[in-house]
Each structure stands twice: as structure tokens, then as C-alpha cells.
Amino acid sequence: MAKISNYALVAYLASGATLTSADCTGDISTFSGECTYEKFTNSLKTGCTVAELYPNGDAEAQVETLCRYDAPVQFVEIMGTYQRDRRYFKGSGPLVDEKVDGGYESARLERFEENMGSKALIGFPEYAARMKYNKDNGRLATEDNPNGYPANMNLFASCQLNTVMCCFTDDSNGDGFDANGDDTTDVCRHDLHDSPQSNHIKRGWSVFPGAETPTHCRGFTWKDGEEELLGNMMYDISYRTTINKGYLKGIPGAPMCGCVEHMPTVETAQCRTATKTGDIQFTFTNDGVKVSASNTADITYKDCDNRDLKGQFVANNQGDETKIAAMDDRLVGDAGCEDDLTEYLNGEQFLQEHKHPTKYVDPEPDAWELVVGEGTRFFPSSEAQVEEDASFRQLIDAGCEDSDGNDRHCIIRRVCDSCTSEPHRDIYYKRLTALPPPSTESGGVNLLRLFMSYWNNKPANNMAAGDFALYSTYDDAREGTNAWTYCAYSTSSVGFPHNCGPTGAVHSQWNSYARGGAYADHHAFYVELPQ
């Protein structure tokens, strides 16, 4: 197989001296299986030595670089430049604009598909230009992972779900999605900050309620240790799909292709994979100036065992509920967009008809007395602070009872719709010792202001000392079960509950009527009423 010249990536990573040996020219090593230094040396042509090829003594490092970056067909070789690939993955560029009508760009892709698409191992997209840019700009580049990945495809840093996807909205250049048997999906939304290098927007979001242009998404997913054919699978769901089916253009505001973490939330996607027949054969060639490497392989592209991308992902990650939950946020399932958008828009404070299960709780007015609140629960405090605090204390000392009939302080409750931590959306403060003296007495405190803006542990407000306990449910508070184990306090204008959490510190869930800066913009305090 003739190899397209692509020395730039290897040259950026390797620094071998000019080769002058006339004894080691032509094909110098051919072997099958995995590309390794050991196989390279064991298969060297008779009469050719490593010392002749690499007189500087860096043979192993040079061969390993060739195995990683030159032996596979580099992705950039498909269309010839990094910029073409970059623009294509964004959903623009010459190939997209040309509309696959037999012009120069599509002709180049057709030749690759015919001659090499199924006959070679293809490397996952990595580029010398990106390596240099990322290194110069401190973008997660290390010696082991030089980070030459294109935007939205960093396998090292931002592809934790081991899943890549492309979404196409234009099927007018071929037979069409339906004729090809390719399912379409509803598009739910896209967080623009997930792909700023594609849309050039720092933050924001797009939602797509109701019907929109038919969209087909396809992707691949893999288990750790199954990375050998990632480049082939990337080629299959992107360029190969475009040249064989005419699919083009991405979802507005989103990349056309990327790791699923950078892609829009959609209902479903088709799962694709690649397999090889037999071993891959590698050939190292010396042209008298440098050593290069190439490969031949027999690659088959097909649907996954589970045609649904999420279904295949779940099969690959059985038992890993954290990963499955993360994928649930990206692929929501058939007819799942409506509920997903309701939950998402509620989180963005665009209140919808259906209530979130842990937000927008309405405490029963005959069981809870509203004391003060902000945002959507606005209830102003009084300028008569001493009298207001006295009324607050009277509510707490009104004579509530535990489930066993024993008298206790009435429970203080904070409901927070905008808090990002679920346990902090509904917190119950149960006083266990006598209330600290009021601010009118020596060493006293305005108890209401303690909750509103000045959460501290003095006087007599220390969880570790047994003054109070915090709970996530009213039943737990009454029974004294499952109490929070961590609490922190503030010396500045930070209110309840500072960084207190069920098992450790949880930040920025506090309220403050004296300053802003945390997530509790929409909250209210209530006190339990005796029953």
C-alpha cells in the first residue's frame, strides 16, 4: 500500500539525525500484530542493524514514535490539512460548502475511501499544529500526552465516557436518512460552554422544544483497552458517512463531531463499530534520508451488537452507575426530550409546568411559618431587628414535640430552589440545647441574623458541641437519625449553612442578605408550627 507523505507530526515529536547508511534502504522491517520496538528489531532485514539506522542511540524512542504516529494512517492524511479537519468537525469548511457534488474536496475523499478506507489502520485525529498550540498555551499537554487532539476530542482530558458522536442535519446530498435506514432523533438542548472552541461562545445554552429539522446522530463507544481501531471508527462516523451517504451540517451552536461530553443532548444515536480480520501488517521503509512506517489491514465497518449507542454504552459499563447516569444526561431515550427540557429549564430558573422532584417545594402553611426569604421566595425582613428576632425565638420555643411526645424546640427549615447541591435544597436545623441569649444581653446574638448573614459558632451554636443537628428530611430531624456530620462557620457576611454538609464540606450553598456570591439566591426560612 502506498503511503501518503505525512512527516510533519512525526518530525514534531522525533529528532532523529539524517540517515546516511546505504546498506539499510527500501523495506527494512515487516511484521504483523502489534507495532513494537521488539518486533521491529526482530524483523530487520538481514545485514541491517539498529546502530546503522540510528547512530545517535535513540532507536527505541524513534521507533515507538513511528509506531504511534506514522505507522497508522494519520487522520490528517484523509483530507490533507489540519484546517480542513478542524472546520469539518465544526460543521463547516470546503467539503461541507461543496455539498459533496464531485468537486475537488469530495473527489479527494472518494479516492481515500476507495483505496485505503477499509484497508488500513487509521489513527485517531492528532495534529502537530495542535500539539504546538496546546503546549505553547498550557492546554493540558504533557510528555506522555502531548495533546494534539482537535477541539472537543481530547481523549486524555475530556472524553471520560469513552464515547464519540457526530450529528447531521442535512441529508439532501444523498438518498436521505429514511432511505438509508438511519433513524432520526429529537434534539433537546446544548450547553454552549461545552464547546466554546467550536461556537466561540464562553457560556450560554440553546434549547430545541417541539419539532425541528430531522437529525441523525451516530457514534461509537469503547471499553478501556479497546483503543486500537478508534481512528477507523472516527473515520466511519464522520468522513465515511459524508462521502457514502452525503450527510452534512451539524446542530446550530454545536460541533458536528466530538466526544459526547461536548455534544448536544439528544434522544437517541446509532451505534457503529469497526473490526479487523487477521493481524495488521506493518512495514518500515528507509528512503536513505529517513525511516517511515505504514500498514495494511482488513477493516469492516458495521452497526454495534446493540444498534442503540446508549444501549451499547450501558452494556459496556454494567454496574458503573455513575457513568450510566452521566450518559443519561446526554442520550435521554425515545420521547425523553420533553422531561429533560422541563428539568433543565427549571434548573435555569425558567419555571415549567412540571415540578422538579427536589426543587420548588411548597411547605404546608398550617405546618410551617414563613419567616424571611429571597428571590422567588421573597419575604422581607423587618427593620425592627430586635423585635423580629424575639418573634423568631418565640416560634422556635412554641412547644413542638418529638414522635415520642417529648417537648423540644421547633425545627428551623431552609428551602433553597437555586442550590446546586441536592441535600442543600431542603435543610432542617434542630436545636438540642437552650437558645443563646438575645443581642440585648451581654454576649448575646441576633439569632435570625445568624441564619440570614452571619453563620458562626459563637455563642452556643456549635454542632460538634451538641448545640444543634442538621438533617436532610423532616422525619430524620424528628427521629434524630442520619444527622449531618460536618459543619463550618464564617467570620464574614456568610449565612446559613456556610460549608456544612452531610458528610463533608460543600461549598457555595449558603445564603447572605448582606452580600452575594453563592447559589442560594432563591430560598426561604420557615419554622415548624406545633401540631
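Modeller: Helices (H or I, at least four residues) and strands (E, at least two) are DSSP runs, numbered from the N terminus. R393 is found in one such run, helix α16. The model is a predicted one, in which local features need pLDDT of at least 70 and side-chain atom pairs count only at pLDDT 80 or more, while totals for chains, interfaces and linings use all residues. Residues are numbered from 1 along each chain as its sequence is written, and side-chain values use heavy atoms, with hydrogens and water left out.

Colleague: Why is R393 called buried?

Modeller: Buried means under 20% relative accessible area, with exposed over 50% and partly exposed in between (1.4 Å probe, protein chains only). R393 has a relative accessible area of 10%, and therefore counts as buried.

Colleague: Which residues is R393 in contact with, leaving aside its neighbours within four places in sequence?

Modeller: Contact means heavy atoms within 4.5 Å. On that basis R393 is in contact with L435, P436, P437, P438, V445 and L447.

Colleague: What makes α11 largely enclosed by the rest of the structure?

Modeller: Eight of the eight residues of α11 are buried, which is why the helix is described in that way. They are L230, G231, N232, M233, M234, Y235, D236 and I237.

Colleague: Which residues touch the most other members of the largest nonpolar core?

Modeller: A nonpolar core is a set of buried Ala, Val, Leu, Ile, Met, Phe, Trp, Tyr and Cys residues joined through side-chain atoms within 4.5 Å. In the largest, which has 64 residues, M234 and F284 hold that position. Helix α11 (residues 230–237) gives the most to this core, namely five residues. A second, separate core has 26 residues, including F392, I396, C400 and C500.

Colleague: How do helix α13 and helix α14 pack?

Modeller: Axes are lines fitted to C-alpha atoms, for helices over the stretch in contact, and angles run from 0 to 180 degrees between N-to-C directions. Helix α13 (residues 309–316) and helix α14 (residues 321–328) pack at about 170°, and their axes are 10 Å apart.

Colleague: Why is α13 called roughly antiparallel to α14?

Modeller: Angles under 35 degrees count as roughly parallel, over 145 as roughly antiparallel, 65 to 115 as roughly perpendicular and the rest as oblique. The angle of about 170° therefore makes the pair roughly antiparallel. K310, F313 and V314 of α13 meet K323, I324, M327 and D328 of α14.

Colleague: How do you know that β9 pairs with β1?

Modeller: Two strands pair if DSSP finds at least two bridges between them. Strand β1 (residues 26–32) and strand β9 (residues 281–286) are joined by six bridges and run antiparallel, so they meet the criterion. T30 has T283 as its bridge partner in β9. Six bridges also join β9 to strand β10 (residues 291–296), again antiparallel, and T285 stands opposite S292. The hairpin of β9 and β10 has four residues between the strands, and G288 there takes a positive phi near 95°.

Colleague: What makes β12 and β17 edge strands?

Modeller: The open sheet of five strands has the order β12-β18-β15-β16-β17, with antiparallel pairing. Strands β12 (368–374) and β17 (468–471) each pair on one side only. The twist averages 20° from one strand to the next. Helix α16 (residues 385–396) packs on this sheet, touching β12, β15 (412–416) and β18 (523–528), and its direction makes about 50° with that of β18.
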